[in-house]
Amino acid sequence: MKDYLIYFAQAYPNFRRAEIESLAQLHGISIDMSHHDEQNPFLIVQLENDLQAQQIMERSVLGRGIYELWGQGKDLDELHASVKESSHDKFELYKQASFKFDFIGYMGSRSNKTKFAMIESFSFLAFEGPIRMKNPDEIFTVLEEYKVTGNDKATTPERMWFGRQIQLSARVGNILDKYDLRRRKYIGTTSFDAELSLVSCNIAQVDQGKFTYDPFAGTGSFLVAAANYGGISIGSDIDIRTLRGKSDQCNIKANFNQYGTSLQFVDVLTMDFTNNALRQSLCIDTIVCDPPYGVREGLKVCGAKDPEKAAGRENVVIDGEKAHLRRDFIQPKKPYQLSNLLDDLLRFSASRLPVGGRLAFWMPTANDDFEINQIPQHAQLELIYNLEQEFNKWSRRLLVYVKRDESYVGQTSNGLKSQGIKDFRERYFNGFSEKSR
Ligand SMILES: C[S@@+](CC[C@H](N)C(=O)[O-])C[C@H]1O[C@@H](n2cnc3c(N)ncnc32)[C@H](O)[C@@H]1O
């Protein structure tokens, strides 16, 4: 095993570990991230080789890059000593390679003059290859962590690392710019943040050729994110207007065309999830979604609020046909509880995912009375991540479950209902003023 240094972005630090572990597992790589510190964007991990490092970083959104670690220290002298001691055997390997130096400063930076002086200070590496600013064979990077105290700008780093760049992440490759909602052809009030859609798909292990289903597809944010990673996307939603979009140039398909992933788009169906019509034999590898919680969009299912009245309407005839059997019949809809919908989602996932397949969805919770047992559970699904994005009085949590085989016996529980928790919508619109129970 060798040491590699991961440099993370300063975004959603509590999601980092789940993203990297999930990408590692997707490639059959074992990685120990138990020492990850959310306050620190630098993390040393042990991996077998550069290929593994490349595989875990290539599609990462929360990582920025990974480096083969050559040395580290509190200051330049310590860094030099560390590189000489632990990496002298590597100098020869890169002697003739074209190369350049790069600098990364966290919470601080250096002038060009000091950078040049630092490059000179590494002359003991005795590289003889040409310096190439464009497409060099190797990029050697000095990474520095500065600590800012109060308003004073830090001038000297607290820690330094020297490494050979192995892989920069999708984030550095501008994936966030590409999927930015402001430039997306079709969006709506429910469109999900591009960065977290991509992170959700990474943690859900969407992959090349894997069938990925979003049962609450809306404007298709998770569908395009999944296709970016090679997933085959299919969605459904109860609201035909959202699925249809505004025109041929402004709908879900137009988004796939925009991103060059139209071959990965199966289709979207108008369907109430609780009356799911996807055939049982259809293999669904991954489910990623943002279920309706009734704030920006209604949580409705097919059915009549008053079944007696509805039964009376079954005898209505139009042009000789029973009205409710005509193609233009619009199904009545009735409100439904989020807790029941989440139960349905877990049950569906447990019955449709293959062993090892993941369900990842976002669930809203109030901050003043959240308890872990509000999270729904299913006996065949193991909850592996509960990642919180906190707002003022409430949070949304990315819950990630993996389907286990028969040897796994978990518990089934409808978290919210079993805890007597009031509907999230009600609490949201009351400003979380009353307690939820
Ligand atoms: C939070 S939004 C998801 C938005 C979506 N991620 C997007 O990118 O626009 C929830 C969606 O669930 C849909 N929905 C509500 N009840 C439903 C049901 N019973 N079956 C299927 N979809 C439903 C709503 O129409 C809404 O589009």
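Residues are numbered from 1 along each chain as its sequence is written, and side-chain values use heavy atoms, with hydrogens and water left out. The model is predicted: local features need pLDDT of at least 70, side-chain atom pairs count only at pLDDT 80 or more, and totals for chains, interfaces and linings use all residues.

I looked up the span 2-171: 28% is helix and 29% is strand, with the end C-alpha atoms 25 Å apart. Helices (H or I, at least four residues) and strands (E, at least two) are DSSP runs, numbered from the N terminus.

Next I took the domain assignment, which gives domain 1 (2-168) and domain 2 (180-429); such bounds come from an automatic or database assignment. To the contact (heavy atoms within 4.5 Å), domain 1 brings 15 residues and domain 2 brings 20 residues. The centres of the two domains, taken over C-alpha atoms, are 39 Å apart.

I then noted the buried area between domain 1 and domain 2, about 1,500 Å², with 57% from carbon and sulfur atoms. Buried area is the accessible area (1.4 Å probe) that two parts lose on being put together, summed over both. Tyr-12, Phe-15 and Arg-59 supply 42% of what domain 1 buries against domain 2, more than any other three residues.

I checked charged pairs across this interface and found a count of one salt bridge, a term for a side-chain nitrogen of Lys or Arg within 4 Å of a carboxyl oxygen of Asp or Glu. Arg-59 forms a salt bridge with Asp-207, with 3.5 Å between the closest N and O atoms.

For the whole structure I noted 23 salt bridges. Among them, Glu-128 pairs with Lys-95 at 3.7 Å, N to O. Glu-128 sits in the loop between α4 (112-121) and β5 (138-145), and Lys-95, 33 residues apart from it, in the loop between α3 (76-91) and β4 (99-106).

Last I looked at Gln-55, in helix α2 (residues 50-57). Leaving aside residues up to four places away in sequence, Gln-55 touches His-27 and Ile-29. I also recorded 9.2 Å between the C-alpha atoms of Gln-55 and Leu-26, which are 29 residues apart along the chain.
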